[in-house]
Amino acid sequence: MRNRRYLIAALALALVAVACGTFPQVGGGSPIPADQPTLTPLPVAPVQPGSANPNEPVLITGTIPFTSRFFAASLAEPFVLLEDEAGFVNRDKEFAFPLAGQQIGPVEQIDDNTLKFDLALPAVPQGTSVDVDNNGQANPGIQIFAVAYWSNTWGGPFLEARDGRGWSSAYASTVTDAENDYEIVGGTLVIWSPDDQQQFPTGFGDDGLLFTEDDPVAPVPPGYSLVDLDQIPFRVYKEARPELQLLEGEVATNDYSAMSYTDAFEQLFAKVSVEYPFTEQKNIDWEAIHARVAPEVASARNDADFYRAMRDFAFSIPDGHVGGLFNADVFRAEGVGSFGLILKELSDGSVIVTHVFPNTPGD
């Protein structure tokens, strides 16, 4: 009976051990997990930041100025991203930013026209290595990034393909040319090299395009560097806590507020009628729209009149993404007026006036 109790106790302990997923180590000691993950060693960081390398970049801070009121209203889940530029290097507009390489940082609005951000740099970034030295030999390559603002729309906290692909053309540390297929033409890139044997372009070359075969190249130091594309040759430098300003780019608001109503409308019309991308698909007759709206603008005597004309202009474009800011005063004047009477229905169904407001049509 005593041996039976020992056997039951031993079986119970074994079941507990199985349920907890642990087994005793050979030779005694503490239990270890039944399933241990196999860790893949990361490459050693080529440059250790600190007193030995006081200029090695570790944190990028900066501001994001903006002019559009619609931009501030869209700040749902904003962050800055160490944006992998392999999509631009390969001119792949469908490039999806690899999840493992998405290093993000917080964004905070500090006034009506400015955001600020902080972006910590990982010791070994997990971006896409690209070989851009054009020497015809296989090299480890370097990782190339821009700092870019993003607002997460779909899924989890990181970007997925339907949030955005390719490379940023606005609110980024780089400058792109909207009239030349959004080629990067200036600004600042962040690069990471695994050693001192990799090379990076020092200019745009004869074709004026970055990362093409005619680019002159030169060695870059290991670790992180910043590349100023606005200097020729490009300036490659290190700074522990660089400050960058993300550029609004082509989406910046055109300010016509100092112009007359007529001049402001004509400037706006000249831009919209040329740059609106769906003219053919929506069969828009810009000349007819101008012929209808221009007289309204010319007859405007105050801001409310001009707002009505601009509202008519926006409504003439059959696109739900086209609109304007809401003018509460015009709305109340057009839709919330009254005769100045308060009525009451009697038990027999008739109606009487109980109050009359002075200086109204009812009065």
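Are Phe269 and Trp286 buried or exposed? Both are buried, where buried means under 20% relative accessible area, exposed over 50%, and partly exposed in between (1.4 Å probe, protein chains only).

## About the model

This is a predicted model, in which local features need pLDDT of at least 70 and side-chain atom pairs count only at pLDDT 80 or more, while totals for chains, interfaces and linings use all residues. Residues are numbered from 1 along each chain as its sequence is written, and side-chain values use heavy atoms, with hydrogens and water left out.

## Aromatic pairs

Let's start with the rings. The structure holds 14 aromatic pairs. Rings of Phe, Tyr and Trp (its six-membered ring) pair if their centres lie within 6.5 Å; planes under 30 degrees apart count as stacked, over 60 as edge-to-face and the rest as tilted.

Take Phe97 and Trp150: their ring centres are 5.6 Å apart and their planes stand at 75°, so this pair is edge-to-face. Phe97 sits in the loop between α3 (86-89) and β5 (104-105) and Trp150 in strand β9 (residues 142-151), so the pair ties together parts that are 53 residues apart in sequence. Helices (H or I, at least four residues) and strands (E, at least two) are DSSP runs, numbered from the N terminus. Phe97 counts as buried at 8% relative accessibility, and Trp150 does too at 11%.

Back to our opening residues: Phe269 and Trp286 also form an edge-to-face pair, at 6.1 Å centre to centre with 80° between the planes. Phe269 belongs to helix α4 (residues 261-275) and Trp286 to helix α5 (residues 286-298), 17 residues apart, and the pair links these distant parts of the chain. Ring pairs also bring Phe265, Phe269, Tyr276, Phe278, Trp286 and Phe313 into a cluster.

## Surface patches

Like charges are joined within 9 Å, and nonpolar side chains (Val, Leu, Ile, Met, Phe, Trp, Tyr) within 5 Å. Accessible areas come from the Shrake-Rupley method with a 1.4 Å probe.

A nonpolar patch is formed by Phe339, Leu341, Leu343, Val351, Val353 and Val356, with about 570 Å² of accessible area together. Strands β17 (341-345) and β18 (351-356) each supply at least two of its residues, and β18 gives the most, with 3. Leu341, found in β17, counts as partly exposed at 36% relative accessibility.

Asp206, Asp207, Glu213 and Asp214 gather in a patch of negative charge. Asp206 lies in the loop between β12 (199-201) and β13 (217-219) and is exposed, with a relative accessible area of 82%.

Note on methods
Patch = residues over 30% accessible without salt bridge, like charges linked within 9 Å, V, L, I, M, F, W, Y side chains within 5 Å. Salt bridge = Lys/Arg side-chain N within 4 Å of Asp/Glu carboxyl O. Lys, Arg positive; Asp, Glu negative; His and termini not counted. Charge placed at Lys NZ, Arg CZ, Asp CG, Glu CD.
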